[in-house]
Every structure is written in structure tokens, then in C-alpha cells.
Amino acid sequence: MIRAGEFAAHGVDARSVRRAVAAGRLLRIRSGHYADPDLPAPVRIALRHGGVLACVSVARSRGLWVLPLDQIVHVSLPPNGHSHPHDDCTCVQHWNALQFTSTEVSLVDSLLQIRGCHGEDAFFATLESALHEGMLSADGRSELRERITESARWLVDLARTDSESGLESLLRVRLYRLGISLHTQVEVPGVGRVDFVLGDRLILEVDGRPGHEGIESRHKDLMRDAVAASHGFDTLRFDYDMVVMDWPIVEEAILAKVARGLHLDPWAERLRSA
Ligand SMILES: [Zn+2]
Ligand SMILES: [Zn+2]
């Protein structure tokens with residue numbers, strides 16, 4: 001961001017500034033504050049508040065997986081920031097005293113904000129997305145572990161670098177709370193790689209990836225399920241809406257299979273107890 005005083009210091013008079021704004025070469029953020037017109041809209045909004053981009057908006061701007069899917073801008077404000085300075089402001093405002101020099105808070109700060117703003121599961125999913133994309137260094141992870149509230153530290157320890165979608169992360173953390181651990185990205189004979197295997201033979205697939213719609217992929221899924229069944233596997237298949245919006249149904253479906261022991265192979269069981 002450029003302040004009016006800096007133009008004056010460089011010998012640029014107020015009229016030239018006004019002309020540049022009128023020509024679209026300069027963006028007026030608010031009184032006496034200007035910026036590059038190419039700034040992304042969420043960043044502009046944050047600056048208009050006298051703050052910077054924060055929380056889920058930082059994760060979103062970096063292409064990380066974020067829950068929820070809305071486009072509401074989250075801003076971090078210093079004590080002298082402006083609440084709702086623009087028309088129809090629907091921003092979520094974080095009034096924490098963070099140090100920031102750029103147009104957004106650090107990734108670690110944004111992750112900490114996400115936990116406070118959207119809860120543990122959303123935090124975990126974005127954290128695993130950042131680890132998968134290689135955006136959070138080992139040092140960043142240690143800093144996060146150090147700064148996060150103690151009751152949430154286990155989430156940082158549980159996070160892996162190989163989670164391929166936010167839905168997988170959500171499923172894993174939620175089942176972990178129920179005492180169920182999963183094998184991820186398992187090779188099943190004749191089928192190929194599946195998202196999760198619970199116990200010996202219960203396949204869980206979460207369809208939330210681009211290209212997972214349409215008749216062709218439905219046919220592929222049905223074929224996979226049939227081949228898996230012929231190898232003694234059972235498949236439960238969930239999609240984005242189910243995992244995000246109807247979690248209790250997903251949980252009940254999995255728990256019912258587990259309660260009847262359908263995830264265990266009796267032959268493997270016999271070998272284990274021998
Ligand atoms: Zn937030
Ligand atoms: Zn706003």
C-alpha cells in the first residue's frame with residue numbers, strides 16, 4: 001500500500017495522483033491510501049479495513065483446501081482498524097494484535113485463526129492441505145505446534161503430508177476421535193488404489209475430487225465396487241455433501257458396519273488369534 005505522503009516525498013503532486021486513479025493506473029483504497037490496481041479483490045477489501053487478509057482468506061488465496069466453500073473475506077485488524085468501512089460489508093473481522101507488514105498474515109497465523117474461527121476439523125483439513133502442497137515447512141509446523149492451544153496440539157501431531165483432499169482429512173480426523181484408525185491410499189487387488197481401508201476389508205471412498213462426476217465415472221466406481229466385492233471387500237462411498245453437511249449419517253453407516261464386524265476378515269482374524 002502507498003500512502004499519499006510517499007507520493008509527495010517523491011515529487012508526485014496530488015493532481016497526478018488523481019489522474020492516475022482516474023486512468024485506472026492506481027487504486028484508491030481509502031482516504032490517503034493507494035495501491036496497485038491488480039491487487040486481488042479480497043486483499044483490497046482487507047486493506048480498506050486498514051487491515052490485512054486473514055484466516056481462511058489467506059489459505060484460499062494460496063489455493064489450499066478450505067472449509068467452508070463460501071467466499072466471505074476474513075480480515076485481521078489492528079486496534080485502529082475500521083469496522084465495516086465499505087458497502088454491504090460481510091467480512092469476518094479478527095481483532096488480534098498480530099505483526100504484519102505485507103498484505104496478509106503468515107500461514108501459521110492464518111491456521112491458528114482458522115481453528116478459532118471454524119473449529120478443529122476445518123483447521124486440520126487446511127493444515128494437511130498446506131503440508132501436502134509443501135507450503136508449511138518443518139519450522140512452520142513446530143511454530144504452529146508451539147503456539148496452538150495445548151488441547152489442539154494432537155491435531156498438529158496427527159496431520160500427514162500425503163492427504164490428497166480435504167474430505168480425506170475430515171474423514172480421518174473424525175474417525176480418529178471415535179477410536180477408528182484407517183489405512184490410507186491402499187492398493188486393493190484387482191481394484192487399484194482406494195482412499196481408505198478400515199480393518200481388513202471395509203473400503204471407504206470419498207468422491208470430492210474434480211472429475212468425479214458424470215456417468216462414466218459412476219460406471220467406473222460401480223466396476224471398482226464389484227471387483228472389490230469379488231475380493232471380499234465391502235465399499236462405503238461418500239461425497240462432499242455427506243461428509244461436510246450430513247456427517248452423522250456417514251458416522252452411523254461406518255459404525256454400524258464396524259459393530260457387526262464387517263470390516264474384519266474371519267480368515268485373517270483366525271490367523272491373528274492363532
Ligand atoms: Zn476467520
Ligand atoms: Zn468488510
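Trainee: Which residues coordinate the zinc ion (ligand 1), and through which atoms?

Mentor: In this predicted model, the zinc ion (ligand 1) is held by Cys55 through SG, His74 through ND1, His94 through NE2 and Cys117 through SG, at 2.1 to 2.3 Å. Along the sequence, these donor residues follow the spacing C-x18-H-x19-H-x22-C.

Trainee: What arrangement do the 4 donor atoms make around the zinc ion (ligand 1), and why?

Mentor: Four donors count as tetrahedral if all angles lie between 85 and 135 degrees. Around the zinc ion (ligand 1) the 4 donor atoms subtend angles of 106 to 113 degrees, and therefore the arrangement is tetrahedral.

Trainee: Where do Cys55 and Cys117 lie?

Mentor: Cys55 belongs to helix α4 (residues 55–61) and Cys117 to helix α5 (residues 107–132), so the pair ties together parts that are 62 residues apart in sequence.

Trainee: Is Cys55 buried or exposed?

Mentor: Residues under 20% relative accessible area count as buried, and those over 50% as exposed. Cys55, with a relative accessible area of 0%, is buried, whereas Cys117, at 29%, is partly exposed.

Trainee: How should I read the sheet, and what is the order of its strands?

Mentor: Strands of a sheet pair through backbone hydrogen bonds, either parallel or antiparallel. Here an open sheet of 3 strands has the order β4-β5-β6, and its pairing is mixed. At the edges stand β4 (52–53) and β6 (92–94), each with a single partner strand, so one side of each has no neighbour in the sheet. Strands β4 and β5 (residues 74–76) run antiparallel and are joined by 2 bridges, and Leu53 stands opposite Val75 in β5.

Technical notes
Residues numbered from 1 in each chain as written. Chains lettered and ligands numbered in written order. Predicted model: local features only at pLDDT ≥ 70, side-chain atom pairs only at ≥ 80, totals over all residues. Heavy atoms only, no water. Donors = N, O, S within 2.8 Å, 3.2 Å for Na, K, Ca; no water. Tetrahedral: all angles 85-135°; square planar, octahedral: opposite > 155°, others 65-115°. Helix = DSSP H or I, 4+ residues; strand = E, 2+ residues; numbered from the N terminus. Buried < 20%, exposed > 50% of the residue type's maximum accessible area, 1.4 Å probe, protein only. Pairing = 2+ DSSP bridges.
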